[in-house]
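Biologist: Hello! Could you walk me through this structure, one question at a time?

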Amino acid sequence: MVSAGDVVVVGRAASVQFAGRLGFTFRVVAVDARPTYAGWVWLDGYQLDNRGRAVARRRIFVRLAGLGRIRAG
């Protein structure tokens, strides 16, 4: 499971809409508790640049098994 404070890698494995070459890192601010499709979740947070700085606030719909964990919050 993913929780607030976690930093994850979002790419093609998380959703085809994120099919960029390397994907991007994302700092999770909140996980929507409402039910969705099994194994999928809405995440609120910030897309990070290569130095770990927030560059965009986003709300994304992803497959949990497709996220790469960098560090837990």
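Modeller: Gladly, and let me begin with a term: accessible areas come from the Shrake-Rupley method with a 1.4 Å probe, and for residues only the protein chains shown count as cover. This is a predicted model, where local features need pLDDT of at least 70, side-chain atom pairs count only at pLDDT 80 or more, and totals for chains, interfaces and linings use all residues. Residues are numbered from 1 along each chain as its sequence is written, and side-chain values use heavy atoms, with hydrogens and water left out.

Biologist: What share of the accessible surface of the protein chain belongs to carbon and sulfur atoms?

Modeller: The accessible surface of the chain totals about 4,600 Å². The part that belongs to carbon and sulfur atoms is 54%.

Biologist: How many helices and strands are there in the protein chain?

Modeller: Both are DSSP runs numbered from the N terminus: helices are H or I with at least four residues, strands are E with at least two. Read from the N terminus, the elements run β-β-β-β-β. The count is zero helices and five strands.

Biologist: Which residue is the bridge partner of Tyr-46 in S4?

Modeller: Strands S3 (residues 40-48) and S4 (residues 54-63) run antiparallel and are joined by nine bridges. Two strands pair if DSSP finds at least two bridges between them. Five residues lie between the strands of this hairpin, and Gly-52 takes a positive phi near 85 degrees. For Tyr-46, the bridge partner in S4 is Arg-57.

Biologist: Is Leu-43 buried or exposed?

Modeller: Leu-43 sits in strand S3. Its contacts (heavy atoms within 4.5 Å) include Phe-26, Ile-60 and Leu-67, not counting residues up to four places away in sequence. The classes are buried for under 20% relative accessible area, exposed for over 50%, and partly exposed in between, with a 1.4 Å probe and protein chains only. With a relative accessible area of 0%, Leu-43 is therefore buried.

Biologist: Which residues does Ser-15 touch, not counting residues up to four places away in sequence?

Modeller: Ser-15 belongs to the loop between strand S1 (7-10) and strand S2 (24-31). Leaving out residues up to four places away in sequence, Ser-15 touches Trp-40 and Phe-61.
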